[in-house]
Amino acid sequence: MPRPILATVHTGALRHNLQVARERAPDARVWAVVKANAYGHGIERAFEGLRGADGFALIDLDEAQRVRALDWRGPILLLEGVFEPRDLELCSRLNLWHAVHCSEQIDWLAAHKTQQPHKVFLKLNSGMNRLGFTPAAYRAAWARLNALPQVDEIGHMTHFSDADGARGIAHQVALFEQATDDLPGERTLANSAAILRHARGPLRGASCVAADWVREGIALYGSAPDYPEHSAAHWGLEPTMTLRTRVIGVQQLQPGDTVGYGSTFTATAPMRIGVIACGYADGYPRHAPGGTPVLVNGQRSTTVGRVSMDMITVDLTAQPEAGIGSEVVLWGRAANGARLPVDEVAHAAGTIAYELLCAVAPRVRFEVD
């Protein structure tokens, strides 16, 4: 029998979360962002739930080939563009759209021999200060691209740094509007946080999410981009991954007994703990402290002591019926319908849901429901 840790990808929840974006941005087309192997869910496993998207956005060419291998004929956007000139050959062959964020990428396009002109999205650095042309350089970059026979259509894109927080998006939208004023081409600005929080934000007198495309990333996967201010349930999002395991051992502790490496937990009263088949080699964060929530047979409990490579200990004191074989949900849905949001687990561990979802290890078995 295989080790009892299992990750389940919920197809219906992916479909539901995609619909949330459509409802928030009814006039826009939706990129389903599937970078990082669909945020750890697996592109092939997530595809059925996301095939209703208008396009797929990702980072690398290998993932683009995998999406095409699933018989997806629609748009695919490389969010960081190409990394070297020969990547443009595969863009031509796979009919990929790609971001252009630096002068070198324009140089590569100018030297590229192709029968099929490329569709690109010119990226504006509107304040994130990662990739993109500054507002002062943007129009010159657009003019260079527009003069190239290798380029068919030029869209416009930027990325928000503070859509999930108090600063918001207005300052970046203003720069975007100024830089792209009167330039033709499709526009894409909104990430998950902007889709959910700024449905009525400014853009040419309309909503920033009503630009031609929105890019739904973490919200597709059932996580609130502005947790803990808002929960996934607040935004109507459904959990798309459940990580579950089972109790494989039980210990009775007396006051003064310690648990695990480093003896970081000491019992102050008699208690009963369960040992579960999960650890940092499965992708669970080693830095998650004792007290991180879990569900045991669908009831709330917490971890005890330090996370080790293959095992975690959990408190069974209040659940005398729990024992060997009892279900333990690390995040997601329990068999009885109870839910433990991945955002809550990540917050307890001092990180974000993105990291937990992306970190599930290859040795963990997956299933799709």
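## A tour of the chain

The chain's secondary structure comes to 11 helices and 21 strands (DSSP runs numbered from the N terminus: helices are H or I with at least four residues, strands are E with at least two). This is a predicted model, in which local features need pLDDT of at least 70, side-chain atom pairs count only at pLDDT 80 or more, and totals for chains, interfaces and linings use all residues. Residues are numbered from 1 along each chain as its sequence is written, and side-chain values use heavy atoms, with hydrogens and water left out.

Start with the whole chain. Its C-alpha trace spans about 75 × 40 × 35 Å along the principal axes. Of its 369 residues, 54% count as buried (under 20% relative accessible area; exposed is over 50%, partly exposed in between; 1.4 Å probe, protein chains only).

Next, select Trp-97 and Trp-213. Their ring centres are 5.9 Å apart and their planes stand at 85 degrees, so the pair is edge-to-face (rings of Phe, Tyr and Trp, the last by its six-membered ring, pair if their centres lie within 6.5 Å; planes under 30 degrees apart are stacked, over 60 edge-to-face, the rest tilted). Trp-97 lies in strand 5 (residues 97-100) and Trp-213 in strand 11 (residues 213-216), so the pair ties together parts 116 residues apart in sequence. Both Trp-97 and Trp-213 are buried.

The structure holds 10 aromatic pairs.

Now select Lys-119. Its charged end sits over the ring of Trp-97, 4.1 Å from the centre (NZ of Lys or CZ of Arg within 6 Å of the ring centre and within 35 degrees of the ring normal). For another such case, select Arg-45, whose charged end sits over the ring of Phe-366, 3.8 Å from its centre.

Move on to helix 4 (residues 61-69) and helix 5 (residues 87-94). They pack at an angle of about 15 degrees, with axes 11 Å apart (axes are lines fitted to C-alpha atoms, for helices over the stretch in contact; angles run from 0 to 180 degrees between N-to-C directions). Leu-61, Gln-65 and Arg-68 in helix 4 meet Asp-87, Leu-90, Cys-91 and Leu-94 in helix 5 (contact means heavy atoms within 4.5 Å).

Finish at helix 7 (residues 135-146) and helix 8 (residues 170-180), which pack at about 35 degrees with their axes 9 Å apart. Pro-135, Tyr-138 and Arg-139 of helix 7 make the contact with Leu-175, Gln-178, Ala-179 and Thr-180 of helix 8.
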